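Please consult the sequence and structure shown below while reading.

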Amino acid sequence: MFRGHAEAKIDAKGRLKVPSVFLRPLQERYGPDIFTTSLRGDCAWIYPLRLWEQAEQRLARLPSTHRMRRKYEARVSYFGQQSRLDAQGRLIVPGRLRERAGIDGEVVIFGRPDRLEVWNLGRMESELEANPFTDEDQDELTRDLEALDENGDRDG
(Lines give C-alpha, C1' and ligand atoms only; values in the text may rest on other atoms or scores of the structure.)
Protein backbone atom coordinates (compact mmCIF):
# COMPACT_ATOMS: atom_id res chain seq x y z
CA MET A 1 0.00 0.00 0.00
CA PHE A 2 1.31 3.42 -0.96
CA ARG A 3 0.37 6.40 1.23
CA GLY A 4 0.55 10.14 1.04
CA HIS A 5 1.89 12.28 -1.75
CA ALA A 6 5.12 13.74 -3.06
CA GLU A 7 5.96 16.36 -5.62
CA ALA A 8 8.29 15.37 -8.43
CA LYS A 9 9.38 16.36 -11.94
CA ILE A 10 9.23 14.69 -15.30
CA ASP A 11 12.32 15.53 -17.31
CA ALA A 12 12.55 16.48 -20.99
CA LYS A 13 12.99 12.80 -21.93
CA GLY A 14 9.71 11.87 -20.23
CA ARG A 15 11.36 10.21 -17.25
CA LEU A 16 9.80 10.39 -13.81
CA LYS A 17 12.15 10.06 -10.85
CA VAL A 18 10.06 8.14 -8.31
CA PRO A 19 10.41 9.90 -4.92
CA SER A 20 12.13 7.83 -2.23
CA VAL A 21 8.95 7.70 -0.10
CA PHE A 22 7.44 5.52 -2.85
CA LEU A 23 10.56 4.06 -4.44
CA ARG A 24 11.71 1.98 -1.49
CA PRO A 25 8.40 0.12 -0.92
CA LEU A 26 7.96 -0.27 -4.68
CA GLN A 27 11.36 -1.90 -5.16
CA GLU A 28 11.35 -3.94 -1.94
CA ARG A 29 7.84 -5.37 -2.30
CA TYR A 30 7.44 -5.62 -6.06
CA GLY A 31 10.73 -5.21 -7.91
CA PRO A 32 11.52 -2.97 -10.89
CA ASP A 33 8.84 -4.04 -13.37
CA ILE A 34 6.08 -1.47 -13.91
CA PHE A 35 2.94 -0.99 -15.98
CA THR A 36 1.96 2.65 -16.57
CA THR A 37 -1.49 3.44 -17.92
CA SER A 38 -4.65 5.52 -17.49
CA LEU A 39 -8.36 5.10 -17.94
CA ARG A 40 -9.35 8.65 -18.87
CA GLY A 41 -6.01 10.18 -19.77
CA ASP A 42 -6.23 12.71 -16.94
CA CYS A 43 -3.41 11.20 -14.90
CA ALA A 44 -0.92 8.32 -15.07
CA TRP A 45 -1.45 5.15 -13.06
CA ILE A 46 1.81 3.44 -12.16
CA TYR A 47 1.27 -0.17 -11.13
CA PRO A 48 3.84 -2.65 -9.95
CA LEU A 49 3.60 -5.18 -12.79
CA ARG A 50 2.67 -7.98 -10.40
CA LEU A 51 -0.37 -6.03 -9.14
CA TRP A 52 -1.38 -5.08 -12.68
CA GLU A 53 -1.25 -8.74 -13.68
CA GLN A 54 -3.57 -9.58 -10.78
CA ALA A 55 -6.02 -6.94 -12.01
CA GLU A 56 -5.82 -8.41 -15.52
CA GLN A 57 -6.52 -11.90 -14.18
CA ARG A 58 -9.56 -10.64 -12.30
CA LEU A 59 -10.85 -8.86 -15.41
CA ALA A 60 -10.24 -11.97 -17.54
CA ARG A 61 -12.93 -13.77 -15.53
CA LEU A 62 -15.43 -11.80 -17.62
CA PRO A 63 -16.08 -13.01 -21.18
CA SER A 64 -13.88 -11.33 -23.81
CA THR A 65 -17.10 -10.09 -25.43
CA HIS A 66 -18.20 -8.22 -22.29
CA ARG A 67 -18.78 -4.65 -23.45
CA MET A 68 -17.31 -2.87 -20.43
CA ARG A 69 -14.30 -5.20 -20.31
CA ARG A 70 -13.53 -4.40 -23.95
CA LYS A 71 -13.99 -0.66 -23.35
CA TYR A 72 -11.74 -0.73 -20.28
CA GLU A 73 -9.05 -2.81 -21.99
CA ALA A 74 -9.03 -0.52 -25.04
CA ARG A 75 -8.34 2.51 -22.89
CA VAL A 76 -5.71 1.03 -20.61
CA SER A 77 -3.95 -0.47 -23.65
CA TYR A 78 -4.09 2.83 -25.56
CA PHE A 79 -2.39 4.69 -22.72
CA GLY A 80 -0.40 1.75 -21.35
CA GLN A 81 3.23 0.73 -21.51
CA GLN A 82 5.25 -1.83 -19.60
CA SER A 83 8.62 -0.61 -18.41
CA ARG A 84 11.25 -1.07 -15.76
CA LEU A 85 12.69 1.25 -13.16
CA ASP A 86 16.26 2.18 -14.06
CA ALA A 87 19.16 2.18 -11.59
CA GLN A 88 18.32 5.78 -10.57
CA GLY A 89 14.67 4.93 -9.80
CA ARG A 90 13.31 6.53 -12.95
CA LEU A 91 10.67 5.29 -15.36
CA ILE A 92 9.38 6.51 -18.69
CA VAL A 93 5.83 7.82 -18.75
CA PRO A 94 4.38 7.07 -22.22
CA GLY A 95 4.42 10.15 -24.47
CA ARG A 96 0.75 9.90 -25.47
CA LEU A 97 -0.25 9.82 -21.80
CA ARG A 98 2.11 12.64 -20.81
CA GLU A 99 0.63 14.84 -23.51
CA ARG A 100 -3.02 14.00 -22.78
CA ALA A 101 -2.68 14.39 -19.00
CA GLY A 102 -0.43 17.44 -19.20
CA ILE A 103 2.13 15.75 -16.98
CA ASP A 104 5.46 17.30 -17.72
CA GLY A 105 7.63 19.37 -15.46
CA GLU A 106 6.10 19.72 -11.99
CA VAL A 107 3.81 16.85 -11.00
CA VAL A 108 2.29 15.47 -7.83
CA ILE A 109 2.27 11.76 -7.05
CA PHE A 110 -0.43 10.24 -4.86
CA GLY A 111 -0.20 6.88 -3.16
CA ARG A 112 -3.18 4.57 -3.66
CA PRO A 113 -3.58 1.08 -2.20
CA ASP A 114 -2.40 -0.65 -5.39
CA ARG A 115 -0.71 2.04 -7.49
CA LEU A 116 0.75 5.50 -7.73
CA GLU A 117 -1.11 8.29 -9.53
CA VAL A 118 0.80 11.08 -11.27
CA TRP A 119 -1.08 14.33 -11.84
CA ASN A 120 -0.30 17.70 -13.34
CA LEU A 121 0.05 19.79 -10.19
CA GLY A 122 -2.18 22.65 -11.37
CA ARG A 123 -4.84 20.27 -12.69
CA MET A 124 -4.99 18.42 -9.37
CA GLU A 125 -5.29 21.65 -7.39
CA SER A 126 -8.14 22.77 -9.66
CA GLU A 127 -9.84 19.38 -9.32
CA LEU A 128 -9.65 19.50 -5.51
CA GLU A 129 -11.08 23.00 -5.45
CA ALA A 130 -13.85 22.25 -7.97
CA ASN A 131 -14.91 19.03 -6.21
CA PRO A 132 -14.54 19.50 -2.45
CA PHE A 133 -15.10 16.59 -0.09
CA THR A 134 -18.37 17.55 1.59
CA ASP A 135 -20.08 16.49 4.80
CA GLU A 136 -22.51 14.53 2.60
CA ASP A 137 -19.59 12.71 0.99
CA GLN A 138 -18.28 11.80 4.45
CA ASP A 139 -21.71 10.52 5.49
CA GLU A 140 -22.03 8.37 2.34
CA LEU A 141 -18.55 6.92 2.81
CA THR A 142 -19.31 6.14 6.45
CA ARG A 143 -22.56 4.37 5.49
CA ASP A 144 -20.79 2.32 2.79
CA LEU A 145 -18.04 1.27 5.22
CA GLU A 146 -20.58 0.35 7.88
CA ALA A 147 -22.45 -1.77 5.31
CA LEU A 148 -19.23 -3.60 4.49
CA ASP A 149 -18.63 -4.24 8.19
CA GLU A 150 -22.15 -5.61 8.63
CA ASN A 151 -21.75 -7.94 5.64
CA GLY A 152 -18.39 -9.28 6.80
CA ASP A 153 -16.69 -8.01 3.64
CA ARG A 154 -14.11 -6.03 5.54
CA ASP A 155 -10.40 -6.57 4.89
CA GLY A 156 -8.18 -7.16 7.85
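A residue counts as buried when its relative accessible area is under 20%, as exposed when that area is over 50%, and as partly exposed in between. Glu 140, at 44% relative accessibility, therefore counts as partly exposed. The model discussed here is predicted.

**Overall architecture**

- Six helices and eight strands make up the secondary structure of the chain.
- Their order along the sequence is β-β-α-β-β-α-α-β-β-α-β-β-α-α.
- Taken along the principal axes, the box filled by the C-alpha atoms is roughly 50 × 40 × 30 Å.
- The chain has 156 residues, of which 34% count as buried.
- Among contacts between residues at least 6 apart in sequence, 61% join residues at least 24 apart.

**Surface and charge**

- The accessible surface of the chain is about 10,200 Å², and carbon and sulfur atoms supply 46% of that area.

- Helix 6 spans residues 135-151 and contains Glu 140.
- Glu 140 belongs to a patch of negative charge on the surface, together with Asp 135, Glu 136, Asp 137, Asp 139 and Asp 144.
- Leu 145 also lies in helix 6, and this leucine counts as partly exposed because its relative accessible area is 46%.
- A nonpolar surface patch is formed by Leu 145 with Phe 133, Leu 141 and Leu 148, and these residues together have about 380 Å² of accessible area.

**Cys 43, a buried loop residue**

- Cys 43 is located in the loop that runs between strand 3 (33-37) and strand 4 (44-48).
- Its relative accessibility is 2%, so Cys 43 counts as buried.
- Leaving aside residues up to four places away in sequence, Cys 43 touches Thr 37, Ser 38, Leu 97, Ala 101, Glu 117, Val 118 and Trp 119.
- Arg 98 is 55 residues from Cys 43 in sequence, while their C-alpha atoms are 8.2 Å apart in space.

**Ser 83, a buried strand residue**

- Ser 83 forms part of strand 5, which covers residues 81-84.
- With a relative accessibility of 14%, Ser 83 counts as buried.
- Residues up to four places away in sequence aside, the contacts of Ser 83 are Pro 32, Asp 33, Ile 34, Leu 91 and Ile 92.

Methods:
Residues numbered from 1 in each chain as written. Predicted model: local features only at pLDDT ≥ 70, side-chain atom pairs only at ≥ 80, totals over all residues. Heavy atoms only, no water. Patch = residues over 30% accessible without salt bridge, like charges linked within 9 Å, V, L, I, M, F, W, Y side chains within 5 Å. Areas by Shrake-Rupley, 256 points an atom, 1.4 Å probe, with all protein chains shown as cover. Salt bridge = Lys/Arg side-chain N within 4 Å of Asp/Glu carboxyl O. Lys, Arg positive; Asp, Glu negative; His and termini not counted. Charge placed at Lys NZ, Arg CZ, Asp CG, Glu CD. Helix = DSSP H or I, 4+ residues; strand = E, 2+ residues; numbered from the N terminus. Buried < 20%, exposed > 50% of the residue type's maximum accessible area, 1.4 Å probe, protein only. Contact = heavy atoms within 4.5 Å.
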